[in-house]
Amino acid sequence: MNAPPRHTASDRASSNHVTIFDTTLRDGEQSPGFTMSAAQKIAFAHALADLGVDVIEAGFPNSSPADFGAVQTIAREVRGASIAGLARCHAGDIEACARALDAAAAPRVHVFISTSPLHREHKLSMSKEQVVERAIMAVELARRHVDDVEFSAEDAFRTEREFLVEVFEAAIAAGARTVNVPDTVGYATPEEIRDLFRFLRATVKGADGVVFSAHCHNDLGLAVANSLAAIEGGARQVECTINGIGERAGNAALEELVMAMKVRGGWYGVDTRIDTPKLLDTSRLLSRITGIQVQRNKAIVGLNAFAHESGIHQHGMLKNRDTYEIMRPQDVGWPDSQLVLGRHSGRAAVADRLRALGHVLDDALLDRVIADAKALTQTQHVIGDADLLRLVEGERFGPGWRIAAMSLIDAGQHTRAQVELSDPHGRRVRQDAQGDGPVAALFAALAQATGVDFELESYEVHSMGVGRDARGEANLSARIDGDTLSGQGTSRDVLEASAIAWLDVANRVLRAQATQRVAATA
Ligand SMILES: CC(=O)SCCNC(=O)CCNC(=O)[C@H](O)C(C)(C)COP(=O)(O)OP(=O)(O)OC[C@H]1O[C@@H](n2cnc3c(N)ncnc32)[C@H](O)[C@@H]1OP(=O)(O)O
Ligand SMILES: CC(C)C(=O)C(=O)O
Ligand SMILES: [Mg+2]
């Protein structure tokens with residue numbers, strides 16, 4: 001214990017480095033739906049250290065034996081970041097916190113007490129004098145165990161300014177190195193927060209020797225904006241969480257704060273140690289652990305953060321990415337931006353995607369494929385590569401056989417499939433066949449109906465799209481006359497997607513046969 005901190009508090013207070021204090025495992029974990037097991041907390045703490053956060057608030061050790069154990073293991077195993085534990089201004093909490101942090105290379109005890117009139121009167125039943133006494137007791141006791149002590153004035157934003165100054169001065173005199181100014185209920189606006197930090201830094205005795213920290217909640221959706229305003233006001237630590245999880249509407253989202261500081265570095269003039277290309281993986285790890293996904297339009301890590309569907313934006317992106325992107329997707333861990341083809345897409349994006357798939361179409365053919373694609377968006381939201389290729393082949397060579405109807409009947413050890421196919425000339429063919437399972441029965445019926453048969457080299461089905469628009473995509477390939485032909489199909493029903501993929505191959509075989517016949521008679 002008592003290992004010297006890597007930088008003194010006054011170094012950090014005056015530098016342009018903003019300390020990233022991650023509280024995903026404490027404020028995040030204490031909110032409904034985000035409780036984690038000890039093993040999950042430990043795995044996530046390693047990911048946070050890898051990401052480059054400066055302080056990991058690992059939990060509230062006196063809240064339960066499980067949290068004590070998790071904080072203790074994190075303190076023993078995780079290196080590269082300070083490990084903090086939370087404690088009330090309560091001797092038992094502080095002793096437990098110090099014990100849990102015993103093996104940490106850089107331990108921090110974080111003590112807190114409410115200072116606002118509302119909390120003093122209704123929650124703590126304490127006078128101002130009692131709150132100050134408790135704060136001093138707690139910081140002094142924590143300092144007997146560790147050098148690095150943080151003091152938080154819970155509900156600071158709704159506290160009388162002169163009393164806040166008094167409490168912080170007492171905490172600093174007792175040995176606190178970081179003083180945290182939480183907007184516990186997310187009530188502040190950016191202008192007010194900036195002003196409060198400027199006031200505190202100018203007024204509190206000993207302010208130059210400590211780091212001022214912001215801890216903003218998101219009840220009005222202002223947590224990130226308020227944290228950035230606090231930095232403008234002189235805060236040099238921000239408390240935040242991955243994906244913005246935390247009490248009620250959450251805390252400031254780490255990934256948003258860090259990227260705002262990076263992308264708008266010229267404005268804020270500060271930096272962090274975060275290895276930003278790891279942001280997406282860290283966010284996804286948290287989603288896997290908690291089972292809660294971020295919304296598609298979430299900044300930085302949502303599925304739409306670098307996806308463009310509308311034609312005007314896609315056209316701009318293809319000319320110069322800066323038209324519609326303020327950062328590179330790779331800077332936060334995405335492989336690239338995505339131009340999604342859908343109802344709002346235009347010619348430039350369709351032509352570009354087709355070029356990437358090896359098809360350069362003349363204007364007339366491209367117009368027809370675009371019209372077909374727009375028609376397809378009546379029944380599906382997203383046009384995948386398989387859809388686009390089938391539309392091109394359909395326009396070039398005629399659409400070939402299509403599924404008009406299909407059904408499957410479980411007949412004990414076998415399955416019977418019945419298919420009805422149609423073609424653009426009005427021909428219809430109906431066939432049924434038996435197989436070991438639904439896929440075998442279906443493919444046998446298709447082979448008999450079309451007169452084309454082949455052995456599959458590969459066959460796989462996976463999902464594409466999400467929610468109401470989730471679809472199955474089937475991909476298969478077959479070796480025919482020395483060539484490998486592949487077929488793709490999409491549908492809400494994976495068996496129908498498989499049948500479409502099978503017919504995709506059969507139609508190519510039939511077209512090739514027709515072309516050979518024409519050549520032979522010419
Ligand atoms: C803004 C925040 O995020 S604060 C952190 C919130 N996190 C949590 O509460 C998660 C962990 N909490 C717990 O596991 C439990 O609440 C415990 C173990 C801390 C306490 O449990 P209990 O002893 O059953 O008390 P309970 O939760 O009902 O009430 C809290 C008590 O702490 C007191 N208290 C609250 N904050 C503080 C504080 N900062 N310093 C001193 N005492 C405090 C309350 O006045 C109340 O005291 P009382 O029991 O004498 O009335
Ligand atoms: C414990 C403190 C820092 C807190 O989480 C809050 O005030 O929101
Ligand atoms: Mg909080």
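Helix H8 (residues 161-174) packs against helix H9 (residues 190-203) at an angle of about 50 degrees, and their axes lie 11 Å apart. That angle makes H8 oblique to H9. Keep in mind as you look around that this is a predicted model.

Who touches whom here? On the H8 side you'll find Arg 161, Leu 164, Val 165 and Phe 168, and they meet Phe 199, Leu 200 and Thr 203 of H9. Sorted by class, this contact has 5 nonpolar, 1 polar and 1 charged residues. An α-helix has 3.6 residues a turn, so residues three or four places apart point the same way.

Now for another pair, H5 and H7. Helix H5 (residues 91-100) and helix H7 (residues 128-145) pack at about 20 degrees, with 10 Å between their axes. An angle under 35 degrees counts as roughly parallel, and H5 and H7 are therefore roughly parallel to each other. From H5, the contact takes in Ala 91, Ile 94 and Ala 98, while H7 brings Ala 138, Leu 141, Ala 142 and His 145. By class, the residues of this contact divide into 6 nonpolar, 1 polar and no charged.

Here are the two pairs side by side:

| Helix pair | Angle | Axes apart | Crossing |
|---|---|---|---|
| H8 and H9 | about 50 degrees | 11 Å | right-handed |
| H5 and H7 | about 20 degrees | 10 Å | right-handed |

H9 turns up again around helix H10 (residues 223-232). How many residues of H10 are buried? The count is 9 of its 10, so to speak a mostly covered helix. The buried ones are Ala 223, Val 224, Ala 225, Asn 226, Ser 227, Leu 228, Ala 229, Ala 230 and Ile 231. They pack against H9, helix H11 (254-263) and helix H12 (265-268), and also against strands E6 (178-183), E7 (211-216) and E8 (237-240). After H10 comes Gly 234, with a positive phi near 115 degrees.

Finally, step back to the whole chain. It has 19 helices and 16 strands. Its radius of gyration is 31 Å, well over the 24 Å that the globule rule gives for 522 residues, so the chain is more spread out than a compact globule. Along the principal axes, the C-alpha atoms fill a box of roughly 100 × 55 × 40 Å. Buried residues make up 44% of the 522 residues. Among contacts between residues at least 6 apart in sequence, 66% join residues at least 24 apart.

Methods:
Residues numbered from 1 in each chain as written. Chains lettered and ligands numbered in written order. Predicted model: local features only at pLDDT ≥ 70, side-chain atom pairs only at ≥ 80, totals over all residues. Axes fitted to C-alpha atoms, helices over the stretch in contact; angles between N-to-C directions. Helix = DSSP H or I, 4+ residues; strand = E, 2+ residues; numbered from the N terminus. Parallel < 35°, antiparallel > 145°, perpendicular 65-115°, else oblique. Left-handed = near helix turned anticlockwise from the far one by under 90°. Contact = placed C-beta atoms within 7 Å. Nonpolar A, V, L, I, M, F, W, Y, C, P; charged D, E, K, R; others polar. Rg over C-alpha atoms; globule rule 2.2 N^0.38 Å. Buried ≥ 20, exposed ≤ 12 C-beta atoms within 10 Å, placed from the backbone.
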